[in-house]
Amino acid sequence: MIGVPRRFSMFMKKYFLEGQKLDEKHAEALMTLPPDATFFQKVLVKHRRLVGILIPLVIVQIAWWLQAIRHDYFSLFPDRYIMSITMVFGAMVAGMTSEGGGAVAFPVMTLALNISPAVARDFSLMIQSVGMTAAAFTIFWMKIKLEIRSIVYCSLGAVLGMILGLEVIDAVLTPPQKKIGFVCIWFSFAFSLFLLNREHKRTTFDCIPTFGIWQASALLFSGCLGGIFSAIAGSGVDICSFSLLTLLFRVSEKVATPTSIVLMAINTCFGFYWRQFMMDGVEDNAWGYLKVCAPVVVIFAPLGSIIAS
């Protein structure tokens with residue numbers, strides 16, 4: 001029998017200390033780094049993850065503080081500080097898992113704070129376009145292995161799904177239906193993880209083993225479905241991508257998770273653009289929540305991706 005401390009140790013090693021799969025060239029550079037390497041070589045190779053956090057952090061923080069001082073963003077915190085606290089956890093989840101920060105923000109805003117689903121959806125798209133993009137930059141900077149074909153084909157499908165969802169489907173659904181739909185998406189993701197963890201020592205791959213027309217079609221359909229979900233609840237394409245890669249194509253979670261983060265960053269940026277410039281514009285209240293949460297997510301989303309690595 002395995003004791004509780006041993007089980008806890010095994011759990012932590014499996015889900016938090018296993019490490020990400022790095023690009024072959026960077027992994028080789030890390031292994032062959034000479035002891036007498038220059039300071040810049042050590043920074044760019046050995047301490048690459050720290051630099052990957054600091055670059056987006058410094059850029060966004062400088063931009064935010066300049067705007068906050070000029071337009072007095074600080075007056076917004078007394079009425080909206082609860083969302084700043086919420087997004088500490090939401091951003092960590094976004095960086096560590098295949099779930100976007102909207103998966104935390106949407107239910108808190110709609111179920112706990114009784115905010116309309118339209119505002120919650122717009123805020124989720126906006127805040128993820130900051131936090132997930134920062135996490136995606138960290139992933140690229142650290143040269144973590146990705147399934148590029150999934151990003152390309154799912155993104156194409158997600159663009160179509162996002163437009164269809166925002167222009168057609170969102171107007172048809174009522175607020176309660178949107179809330180129930182979000183719960184269904186979450187339950188489906190939880191069930192897929194349950195199935196995934198039932199298979200011990202299963203064979204996994206770093207990329208889709210064989211790629212052809214039906215694999216590309218599956219990724220396009222998955223992206224389209226996820227884009228529709230994202231248009232309604234602010235997240236969804238990440239869940240669809242992760243589930244398809246791990247369950248159908250048996251891609252390693254260590255590759256599927258950063259892939260879904262990059263995919264969600266692209267999808268939320270497009271959704272934000274479409275809502276703001278191609279439609280009537282995002283909800284006014286969503287801008288206020290973005291102003292109090294942007295400096296938080298740009299710290300904790302990349303930090304989450306580092307913790308998961």
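User: In this predicted model, why does Ser-150 count as buried or exposed?

Analyst: The relative accessibility of Ser-150 is 0%, and the term buried applies under 20%. Ser-150 is therefore buried. The residue belongs to helix α8 (residues 148-172). Leaving aside residues up to four places away in sequence, Ser-150 touches Ser-155, Leu-219, Ser-241, Leu-245 and Thr-259.

User: What makes α6 and α7 roughly parallel or roughly antiparallel to each other?

Analyst: The axes of helix α6 (residues 102-112) and helix α7 (residues 117-142) cross at roughly 155 degrees and come within 9 Å. Angles over 145 degrees count as roughly antiparallel, and α6 and α7 are therefore described in that way. The crossing in which α6 passes α7 is right-handed.

User: Which residues of α6 and α7 meet?

Analyst: From α6, Gly-102, Ala-105, Phe-106, Met-109 and Thr-110 take part; from α7, Pro-117, Val-119, Ala-120, Arg-121, Phe-123, Ser-124 and Gln-128. By class, the residues of this contact comprise seven nonpolar, four polar and one charged.

User: How many disulfides does a search of the whole structure find?

Analyst: The search returns zero disulfides. For Cys-154, the nearest cysteine sulfur is that of Cys-240, 8.5 Å away, whereas a disulfide requires sulfur atoms within 2.5 Å. Cys-154 is accordingly in no disulfide.

User: Why are Cys-154 and Cys-293 classed as buried?

Analyst: Cys-154 has 0% relative accessibility, and the relative accessible area of Cys-293 is 0%. The limit for buried is under 20%, so Cys-154 counts as buried, and so does Cys-293.

Definitions and conventions: Residues numbered from 1 in each chain as written. Predicted model: local features only at pLDDT ≥ 70, side-chain atom pairs only at ≥ 80, totals over all residues. Heavy atoms only, no water. Axes fitted to C-alpha atoms, helices over the stretch in contact; angles between N-to-C directions. Helix = DSSP H or I, 4+ residues; strand = E, 2+ residues; numbered from the N terminus. Parallel < 35°, antiparallel > 145°, perpendicular 65-115°, else oblique. Left-handed = near helix turned anticlockwise from the far one by under 90°. Contact = heavy atoms within 4.5 Å. Nonpolar A, V, L, I, M, F, W, Y, C, P; charged D, E, K, R; others polar. Buried < 20%, exposed > 50% of the residue type's maximum accessible area, 1.4 Å probe, protein only.
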